[in-house]
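The sequence and the structure are shown below, and selected features are then described in turn.

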Amino acid sequence: MVAIPTETVYGLAGNIYSEKAVKKIFSLKQRPFFNPLIVHLSSPDQLHKVVDSVPDKAKKLAERFWPGPLTLILKKKPEVPDLVTSGKDTVAVRVPNHPVALELLRKLDFPLAAPSANPFGSISPTQSSHVANYFQDKLSMVLEGGACEKGIESTIVGFEGDEPVLYRLGSITVEAISKEIGPIVVRNKKDAAPEAPGMLARHYAPNTTTVVVEDVPQFIAEHPGLKIGVLLFQNPLEARNIRAQEVLSRQGRLDEAASRLYAALHRLDELGLDMIVAEKFPNTGMGKAINDRLQRATKK
Ligand code: TXA
Ligand code: MG
């Protein structure tokens, strides 16, 4: 088991065929066994090793987006261990677009199971230091790959019959997926037994109480005496009684904001604040995934 960089977030990776490695991933993450892992392949032509048949729309998406931040849920081959898929008859697969991850995968003759390299429910890591801080000496190695370019997890697409369903908003926008394969149902599940447990209501959460509001200055004015840190899209605030502020994209670019979101949350979370107050982002393109993660960060 070793932590690896990907273009989305760092992952805790192990040989999918090694029970020992996969069990170690679950135990280090304190992840429940009902929550399956994503299988990472070195290239799209490795897909036949883990799945039997691929719907046409999945083929289209794979051709367009791999290597890249798209995870496909497909019917699995019997060879894929139940431990990896939590006993489901499907497997989640993607080809990551990061030179270090790809170089490693090409050297191995097995795919890597890799969930995000954070304890269950915590903010995902977008830098090697986040991973090292989380696991300290319980993890012997983090492959250095710099800051993750995308900064938000892969978009997950599965199929119900022939119908494509988007199970997790991620680094590829709903709009971009629809452009390839037409309209897609977005199943934004928040209940306790979700289709994709990345959709659990409380996920990606800082330890500090976090709220998302439309009007940050108003919220601050109404809460004097609280140590507040703010997370903003584009425009810095002048308010005096803020302890820290993170502005994610001065140019107002949602992709840049996404790439900086988790690192900003990690920094704010380390300051011993009473509260993190995040601004609601424009709800289009990558803004949807950002708002989704912020909403989940507010749940305790
Ligand atoms: O960007 C990413 O996808 C990162 C990097 C490391 O690749 N990985 C990641 O893994 O986010 P993880 O384990 O944090 O999230 C994987 C999500 C979970 O919500 C899991 O429930 C869902 O994928 N998943 C995995 N296999 C599934 C399956 N067979 N059916 C439905 N959902 C599945
Ligand atoms: Mg995760």
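## Loop residues with positive phi

S86 lies in the loop that runs between α3 (82-85) and β5 (90-94). The model is a predicted one, and in it the phi angle of S86 is near 55°, a positive value in a residue other than glycine. The relative accessible area of S86 is 24%, so this residue is classed as partly exposed.

Q30 also has a phi near 55°, which is positive although the residue is not glycine. Q30 belongs to the loop between α1 (19-29) and β3 (38-40). Because its relative accessibility is 63%, Q30 counts as exposed.

## A cis peptide bond

The peptide bond that joins W66 and P67 is cis, with an omega of about -10°. P67 is situated in the loop between α2 (56-65) and β4 (70-75). W66, the other partner in this bond, is also in contact with V93.

In soluble globular proteins, nonpolar side chains tend to be buried together. The largest nonpolar core of this model has 67 residues, and within it L72, V93 and I177 touch the most other members. Helix α8 supplies the largest share of this core, with eight residues.

What does V93 contact, once its neighbours within four places in sequence are left aside? The partners of V93 are I38, V39, L41, L47, V50, W66, L70, T71, L72 and L74.

## The packing of α2 against α6

Helix α2 packs with helix α6 (residues 174-181) at an angle of about 120°, and their axes are 9 Å apart. This angle makes α2 oblique to α6. The crossing in which α2 passes α6 is right-handed.

On the α2 side, the contact is made by K57, K60, L61, R64 and F65, and on the α6 side by A176, I177, E180 and I181. Sorted by class, the residues of the contact of α2 with α6 are five nonpolar and four charged, with no polar residue.

Is D56 buried or exposed? Its relative accessibility is 61%, and D56 therefore counts as exposed. D56 and A101 are 45 residues apart along the chain, and their C-alpha atoms are separated by 27 Å.

## The packing of α8 against α9

Helix α8 (residues 254-269) and helix α9 (residues 286-297) have axes 9 Å apart and pack at an angle of about 25°. Angles under 35 degrees count as roughly parallel, so α8 is described as roughly parallel to α9. The crossing of α8 past α9 is left-handed.

From α8, the residues L254, D255, A257, A258, L261 and Y262 take part in the contact, and they meet M286, G287, I290, R293 and L294 of α9. The residues of this contact comprise eight nonpolar, one polar and two charged.

H98 is placed in the loop between β5 and α4 (99-107). Is H98 buried or exposed? With a relative accessibility of 9%, H98 counts as buried. Beyond its neighbours within four places in sequence, H98 is in contact with P5, T6, E7 and G145. H98 and G68 are 30 residues apart in sequence, while the distance between their C-alpha atoms is 8.4 Å.

A244 is part of strand β12 (residues 244-247). Its relative accessibility is 16%, and A244 therefore counts as buried. When neighbours within four places in sequence are left aside, A244 is in contact with I228, G229, V230, L268 and L271. A244 and L273 are 29 residues apart along the chain, and their C-alpha atoms are separated by 9.0 Å.

Conventions:
Residues are numbered from 1 along each chain as its sequence is written. Chains are lettered from A and ligands numbered from 1 in the order in which they are written. This is a predicted model: local features need pLDDT of at least 70, side-chain atom pairs count only at pLDDT 80 or more; totals for chains, interfaces and linings use all residues. Side-chain values use heavy atoms; hydrogens and water are left out. Axes are lines fitted to C-alpha atoms, for helices over the stretch in contact, and angles run from 0 to 180 degrees between N-to-C directions. Helices (H or I, at least four residues) and strands (E, at least two) are DSSP runs, numbered from the N terminus. Angles under 35 degrees count as roughly parallel, over 145 as roughly antiparallel, 65 to 115 as roughly perpendicular and the rest as oblique. A crossing is left-handed if the near helix is turned anticlockwise from the far one by less than a right angle, and right-handed if clockwise. Contact means heavy atoms within 4.5 Å. Ala, Val, Leu, Ile, Met, Phe, Trp, Tyr, Cys and Pro count as nonpolar, Asp, Glu, Lys and Arg as charged, and the others, Gly among them, as polar. A nonpolar core is a set of buried Ala, Val, Leu, Ile, Met, Phe, Trp, Tyr and Cys residues joined through side-chain atoms within 4.5 Å. Buried means under 20% relative accessible area, exposed over 50%, partly exposed in between (1.4 Å probe, protein chains only).
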